[in-house]
Amino acid sequence: MDRGIIRKSDIPKLAGRGRFYAPGRSLGDGSCELVENPAEIVYDFSNVRVPLKQLFLPQTEVLCTYDFDQVTEVSIPAEPIPILVFGCRPCDARALSQLDAVFGPENKGYADPYFLKRRESSVVISLACNSPCPTCFCTAMGGGPAGTEGADLLARELAPLASDGALLLEALSDKGRDFLKSHGSLLTEAGPEVLEEAKKSSAAAEAAVRKANDLGVDLGADLSALKKHMDPLFDDERWEELTASCVGCGSCTYLCPTCHCFDIADESRLYKGQRIRTWDSCQFPLFTKHASGHNPRKTKRERLRQRFMHKFSYAVENTGAALCVGCGRCITGCPVNLDIRDVIRSFVKETTREIAS
Amino acid sequence: MKSPVEEKPAITAANPYIPYPVRIADITIENEARDLKTFKLVFENEEDRKAFRYLPGQFAEVSVLGTGESPFGIASSPTEQEYVLFTVKLTGSVTAELHASEAGRRIGVRGPLGNTFPWQRLEGRDIVIVSGGFAFTTLRSGITYMLDPSNRGKYGDIFALYGARSPGELLYKKELAAWKSAAGLRLHLAVDREPGEPWDGKVGLVPNVLRELGPSAKNAIALVCGPPIMIRFTIPVLQELGFAKEDIILSLENRMKCGIGKCGRCNVGAKYVCTDGPVFSFAELEKLPPEY
């Protein structure tokens, strides 16, 4: 089974396989977050505030615990609880596939067991966007409001079949097909005309994003499009200008669905302790500071440049994927209005000018 | 809690974040300043010792549970099968904890990590080693490896220049004494300025002494490890002597956490010191930004 129609009121019935997460507004401040209560699901949201990566690369996680009284024993945490995510945006799901390329064994031959086990035991159902926000630029990054990368199933809202509306579920992976099969009792058949109809609203959303945020680049057509613009301008003065307003707070990296840099630290009390991994940020001076005091990226200029070079040049070279999905969180979350779209535009424009002259 | 690594060695193999348990078998104070100590580590489990297969040039994360871990170049050679050596400078919290340790303490080692000196390319070539200060560690590994009877025939003559601020700051005094009479190795020791004690080595900064000694670049490859300032002035001398950029081999250091190319801090441009390095040729380094 490749697709089926499900009523929105039946979505909570999908829960039950481990932990369930869906967008909700339980915080009461108007922000949308991933919540665990299926009764709180909302559909009228642009995106959740904290990206989906938090479920697979938690902000803090225990790598191992140990007991060094007498004999040291090291234990690794138990197998992760399976996760079912419903309603993440396709950009966030796509970010997972970019993280797969970082944490998977094909990156330098080392697999990250913590991330990968959570990925293996999870099912991700993304929900296509019908009304993208003004800061969305997913299409420039090679994705789209109904993108299919990284998710197991894609849900699209259909014109109301019943009072509570309905969704078209489309399987994108084997895991997604198995999921549809095992929940067949909740589904009704969806003919090709239903899919065509749903695709129409997705196409409209995609056209809207393209129009609102045409950055002059399409990484879907040419993954190296930005890399080849940026590599020759590594020492360019513009980095100084771009950095001028940056306060180095690191919000952009914490809100980014693809930023994955982490720290490892030990915490112990008496003879028991744990080694923990936490999110870290390339925007902080301590991130690269040597024990000797030497710092290879000693000013904000180098650190800001690192963030953009990593996303559009280094990652492309190392893992065959850029590390940006165009979700726009770093734009809305920046306290000084630093805008990644301006950075991209500045490089695209510069190179176009050079070619013209 | 009751799943010790000893019972399940497979956990370690499948999980690159979990260190092998080792015991500090011996500690040597290396210098007069007493801020450099060499730790001789012995694996607690025989299968871990066998699994820890490395070649000179590689590094490992030395792990002190409760404090943290830090990356160090491996100072022993794989021909020294019973133990691994790390020479550690007292600098931060992990190194302070190591320096405060006594023999017998149980710690961890995670690795081996990174690439090696280009051993295949080195075969059949003469070797010119230039080193200063405590960066000599992985070259101690390299020299020991090449002098081992099982390897001696593979490599040509070894020229080694090793300098330090003063005679008391030279590492591995026992090995240095033995190497003076080793066949196939010409060892030159140097100190930065005239020491106020008997000294039969050279006096002068490493790049100057290198120029004076002028080892031949013919069919030779240079391995260079030292502080950044020494490297900066040594490279032009090697080029004057006729070494091609590809034949000048260097080793980088950057701050690291994971050591396996994930945590994102040791990169120099698109290259990760932990997985693409730490060993790079000068030709490779020239193409990278100076973020090291």
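**Exercise 1. The surroundings of B:F86**

Task: In this predicted model, find which residues B:F86 touches, leaving out residues up to four places away in sequence.

Solution. Step 1: Set aside the residues up to four places away from B:F86 in sequence. Step 2: List the contacts that remain. Step 3: Widen the view to the nonpolar core. The largest one has 178 residues. B:F86 is among those with the most contacts inside this core, together with B:I129 and B:A222. Domain 1 (9-113) and domain 2 (119-251) of chain B both give residues to it, so the core lies between them.

**Exercise 2. A sheet in chain B**

Task: State the strand order of the open sheet of 6 strands in chain B, and name its edge strands.

Solution. Step 1: Read the order, which is 4-3-6-1-2-5. The pairing is antiparallel. Step 2: Look at the ends. Strand 4 (68-73) and strand 5 (84-89) of chain B are the edge strands, since each pairs on one side only. Step 4: Follow one pair. Strand 2 (residues 36-43) of chain B joins strand 5 of chain B through 6 bridges, in the antiparallel sense. In this pair, B:K37 stands opposite B:V88.

**Exercise 3. A mixed sheet in chain A**

Task: Work out the layout of the open sheet of 7 strands in chain A, and find which helix packs on it.

Solution. Step 1: The order is 1-9-8-7-6-2-3, with mixed pairing. Step 2: The edges are strand 1 (3-7) and strand 3 (33-35) of chain A. Step 3: Neighbouring strands are turned by 25 degrees against each other on average, direction ignored. Step 4: Strand 6 (residues 83-88) and strand 7 (residues 122-127) of chain A run parallel, joined by 5 bridges. A:F86 stands opposite A:I125 in strand 7 of chain A. Step 5: Helix 5 (residues 192-212) of chain A packs on the sheet. This helix touches strand 1, strand 8 (153-158) and strand 9 (166-171) of chain A. Its direction makes about 85 degrees with that of strand 8 of chain A.

**Exercise 4. A:P134**

Task: Decide whether A:P134 is buried, partly exposed or exposed.

Solution. Step 1: Locate the residue. A:P134 lies in the loop between strand 7 and strand 8 of chain A. Step 2: Count its neighbours. There are 13 other C-beta atoms within 10 Å. Step 3: Apply the cut-offs. A residue is buried at 20 or more and exposed at 12 or fewer. A:P134 has 13, so it is partly exposed.

Key:
Residues are numbered from 1 along each chain as its sequence is written. Chains are lettered from A and ligands numbered from 1 in the order in which they are written. This is a predicted model: local features need pLDDT of at least 70, side-chain atom pairs count only at pLDDT 80 or more; totals for chains, interfaces and linings use all residues. A nonpolar core is a set of buried Ala, Val, Leu, Ile, Met, Phe, Trp, Tyr and Cys residues joined through C-beta atoms within 7 Å. Domain bounds come from an automatic or database domain assignment. Two residues are in contact if their C-beta atoms, placed from the backbone, lie within 7 Å. Two strands pair if DSSP finds at least two bridges between them. Helices (H or I, at least four residues) and strands (E, at least two) are DSSP runs, numbered from the N terminus. Axes are lines fitted to C-alpha atoms, for helices over the stretch in contact, and angles run from 0 to 180 degrees between N-to-C directions.
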